[in-house]
Amino acid sequence: MSKANSTSTRQREEEDEQGSAHGAAGEQLSTAPREERPDTGAGVPAMSVIGWVRWFWRQLTSMRVALILLFLLSLGAIPGSLIPQTSVDDMKVQAFKERHTTLTPIYEALQLFDVYSSVWFSAIYILLFVSLIGCIVPRTGQFVGQLRSRPPGAPKRLTRLPAYTTWRTEAAPEEVRATALRLLRGRRFRGHEVGDAVAAEKGYLREAGNLVFHIALIVMLVAFASGQLFKSEGGKLVVEGDGFSNTLTQYDNFKSGSLYDSDSLAPFSFVLDDFVGTYEKSGPQRGTPRTFEARVTYAEGAEGTERKGVIKVNEPLVVDGTKVYLIAHGYAPVVTVRDGKGKVVSKSAVPLLPIDNNITSSGAIKVMDGYKDKDGKKTQLGFKAFFVPTFAGHGKGQMFSQFPALDFPVLALSAYQGSLGVDSGLAQNVYQLDTSKMKEFKDKDGELLKKMLMPGEKLDLPDGAGSITYEGTEEWASFQISQQPGNGWALGGAIAAIAGLAGSLFIQRRRVWVRAVRGADGVTVVEMAGLGRSESAKLPEELGDLSAALVTTAPVAPAAPEEPDAADTPDGSAGTDATNEAGSRPVHPAEAPAEGAEK
Amino acid sequence: MNLAAATNESLAEASNVLIYSSMAVYTLAFFAHIAEWVFGSRSKVGRTAAALSTSPAKASAAPAVKAQAGGTAVLERPEVITRSAAGTRDVPDGPGAAGGTFKGDLYGRIAVSLTVVAFLVEAGGVITRALSVQRAPWANMYEFSITFSTVAVGSYLVLLALKKNVRWIGLPLVTTVLLDLGIAVTTLYTDSDQLVPALHSYWLWIHVSTAILCGAVFYLGAVGTILYLFRDSYENKLASGGTPGKFASSVMERLPSASSLDKFAYRINAAVFPLWTFTIIAGAIWAGDAWGRYWGWDPKEVWSFITWVAYAAYLHARATAGWKGRKAAYLALLAFACWLFNYYGVNIFVSGLHSYAGV
Ligand code: HEM
């Protein structure tokens, strides 16, 4: 196996040095930026402003700084995974803030609750992407130049290249060169004849792939950013039998990017026909959800034809570019409230919020208007509601659900009257009862009136104030309706990135030269040599194959005299060593192993 | 209990038996590898020292390692001469754990054969587990772990079958596989069961299988990197005239040269990096379907991203003067540590949307 120091890396470092190992032969084998040597004065910016700017730009677009920025990016992402994030779970952030009163101000100052939109995190990735653009533009220009130009002519001493072979043949040199050129072109090398040799190169896709990959990263970032600016996202809770139509007023909550235009909501509507949830019935995973599906009837446009659809956890409904996701579900007990005269004041399914995995739920039932107390005075009613789909049975401690399915539903209510406070102008949580302006209904013992109800049972309010009946239970599902332009671009970018990366990492860029000259004795001497961006084991193999193919038309002539190889080597390598030293930063042998992609 | 459930239960039991059996066979392979190293230590190799004892200038002057590029029977084929660039240590690879001794080699072959058997048994365990739940066998940490070690061993055997010089991985690999399976059957064990709805998706097959494959192969790369660091220190010590301890010499001398190990680690990491990129993108697409957003900085997503950026930094380091070699190797290890944390740490210590994975 060939031990290797990447010739071209070194060549890059030594680019401007005279006497570099392969000189012009290895020139432009890559478009990677040259590294500034720390000790060559590049680190000392000129005093003028332009000098500073130029220095800064050169630093920013160097590989070294790109590397450091990449490192900082991964380091900077860490706190966001360990500290609760507002964008991920606001509730957790609040809980954290209550628990850690000393840490909170520090974290807030450092924007640690919003790492991924923080100034410092943004600074890292913006710098990285500026650096990336500053890197891609000149590299693309260089690459186009390389595609336009032809591979450089053969270096004087082919023996110095990483893979080399030679033989003598009776065939004429012109004939050998012509055959070699045909042979190389047949293997999709780009080649031409320069002087007494053929120069050929292959593997440009490596560079192209690398550029495509880096450009694709920018495309993905831009797609992602514009998606954030133009997106809209809202939530809607729908009880079985109810519907939703996609207008702003129908949303429970709605967020949009700063450039979003509300006219762009896609017109469609749907009705939740049925929600189906099933759960593991037995075993250690009892209660684990197995299926969730929302069966809907939807219509595209204002008067589109109605169609049936099923929305599952992994399968959003896509209507006109908008996606409807199933996010959560729960129960909505149907209750009827009657006044003292037995007149039905309200009958509705009231969605309650699950508070644990077995869907123990809580919420509030509010009767805003239509209710008059026994004196005929208008007032409002409120009930705190607690619901379990599967009741453990009386005397089994707290009322918590034992199973998420609707096996033994019980609704516990406590009753209040007075002002619900909905007119106060403050936004109100529909799942909570604000009892500050309400009076408790009392039971016989003067305690707060409360009762557990099974379906069909009712709670009578004292003194002929009416009643509330638990009729049955519906299920509700909540949906997220989101529209995010730019997804197509992001996906395209992602695919291009992978393809480019594969090209960049798996393709070898290499050059092959074939020199054929007539020797003093009239016999043609053929020399072949190969140079890659790195010394890969494939290069000598390929050269072997090429020479074997060439030998069929330029067969080996017997009795070759000794090549001046031995004499050449010592001074050759002395020369290389000298350049190495001249590189002023001694390359530690172990630091310069070479590899496939390294250039 | 119905009939189907009963067959599933007995399949799940069969799977457990197979996993335990594979552990037994891996243990035998482990001892065979130990024997290989022990008998191998009786050989006197000392190639590295010999190669390094020539003066550095002469070493790089040493012309052209001759390499025969195969031969055609009919026509004489010109010989291809390869030459290393200046500045590289011309150190030959060690002879492997067996050290060229007959007994060591015999035990090495036994170890590899046992590893093949254990691999087949373990793969059987994974497959019966999959059949027992009738889905992809990677919905919880136990299943990840058994699949992970199966894939790691499988990749090693594929490299062996391709005649790559990788037998030196045998002992560290079998050791970690035993560790991995030990943790899996004791602390991570979960009864075979169905999936929660969020995992019902063909993306489970795509995303998780590639994630496991990437991890297993990154692991092989990390082993190469660690051994590179040891071997490199050893070569440095020799080159600067030091005399390493007897044990260190005996072990290091039999490993491939530092530059071969480094090259191996690089090739492995570079080959998997595009697949890891794909894994993350596939995960994002799945998250888009399952949770209504492609990227939400969930801890698992964050750590996949960190791992990805860390490997990208490693690849950049390899292309940046002054960062090659040891520094790049440390970055590679850091990147693998990120992967490991993502795999174990995030599931155990951090709660997030991915935490249904059942520890
Ligand atoms: C967004 C962050 C970036 C990522 C994820 C990234 C990733 C990568 C990857 C995976 C490679 C392939 C390595 C190889 O061919 O061995 C690569 C190569 C390269 N990157 Fe980046 N890169 C990023 C930013 C940059 C920046 C800012 C620059 C410019 C300074 C840059 C310049 C290069 C160059 C020149 C190569 C090719 C190295 C060579 O040909 O030897 N990259 N990058």
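1. Start with the record for chain A. UniProt, in an unreviewed entry, places the feature "transmembrane region" at residues 65-83, 119-138, 211-230 and 488-507 of chain A. Keep in mind that this is a predicted model.

2. Two of these spans can be checked against the coordinates. Residues 211-230 of chain A are 100% helix and 0% strand. Their end C-alpha atoms are 28 Å apart. Residues 488-507 of chain A are 95% helix and 0% strand. There, too, the end C-alpha atoms lie 28 Å apart.

3. Next, a contact within chain A. L491(A) sits in helix α9 (residues 487-506) of chain A. Its C-alpha atom is separated from that of M220(A) by 7.7 Å. L491(A) has a relative accessible area of 39%, so it counts as partly exposed.

4. Now the metal. Which residues coordinate the iron atom of the ligand? H214(A) and H316(B) do, each through NE2, at 2.0 Å. The pair crosses between chains. H214(A) belongs to helix α8 (residues 204-230) of chain A, and H316(B) to helix α10 (residues 299-318) of chain B.

5. The iron site is octahedral. It has 6 donor atoms, with angles of 71 to 179° among them. Is H214(A) buried or exposed? Its relative accessible area is 10%, and buried means under 20%, so H214(A) is buried.

6. Turn to the record for chain B. UniProt, again in an unreviewed entry, places "transmembrane region" at residues 17-39, 110-132, 144-162, 169-190, 202-230, 264-287, 302-321 and 328-346 of chain B.

7. Residues 169-190 of chain B are 77% helix and 0% strand, with end C-alpha atoms 30 Å apart. Residues 202-230 of chain B are 100% helix and 0% strand. The end C-alpha atoms of that span are 43 Å apart.

8. Last, the surface. I68(A), F71(A), L72(A), L75(A) and L334(B) form a nonpolar patch. Together they have about 400 Å² of accessible area. Which helix gives the most to the patch? Helix α3 (residues 63-82) of chain A does, with 4 residues.

9. Chain B contributes L334(B) to this patch. L334(B) lies in helix α11 (residues 326-349) of chain B. Its relative accessibility is 42%, so L334(B) counts as partly exposed. Patch residues need over 30% relative accessible area.

Terms used:
Residues numbered from 1 in each chain as written. Chains lettered and ligands numbered in written order. Predicted model: local features only at pLDDT ≥ 70, side-chain atom pairs only at ≥ 80, totals over all residues. Heavy atoms only, no water. Patch = residues over 30% accessible without salt bridge, like charges linked within 9 Å, V, L, I, M, F, W, Y side chains within 5 Å. Areas by Shrake-Rupley, 256 points an atom, 1.4 Å probe, with all protein chains shown as cover. Salt bridge = Lys/Arg side-chain N within 4 Å of Asp/Glu carboxyl O. Helix = DSSP H or I, 4+ residues; strand = E, 2+ residues; numbered from the N terminus. Buried < 20%, exposed > 50% of the residue type's maximum accessible area, 1.4 Å probe, protein only. Donors = N, O, S within 2.8 Å, 3.2 Å for Na, K, Ca; no water. Tetrahedral: all angles 85-135°; square planar, octahedral: opposite > 155°, others 65-115°. UniProt positions renumbered as here; feature names shortened; annotations may be inferred.
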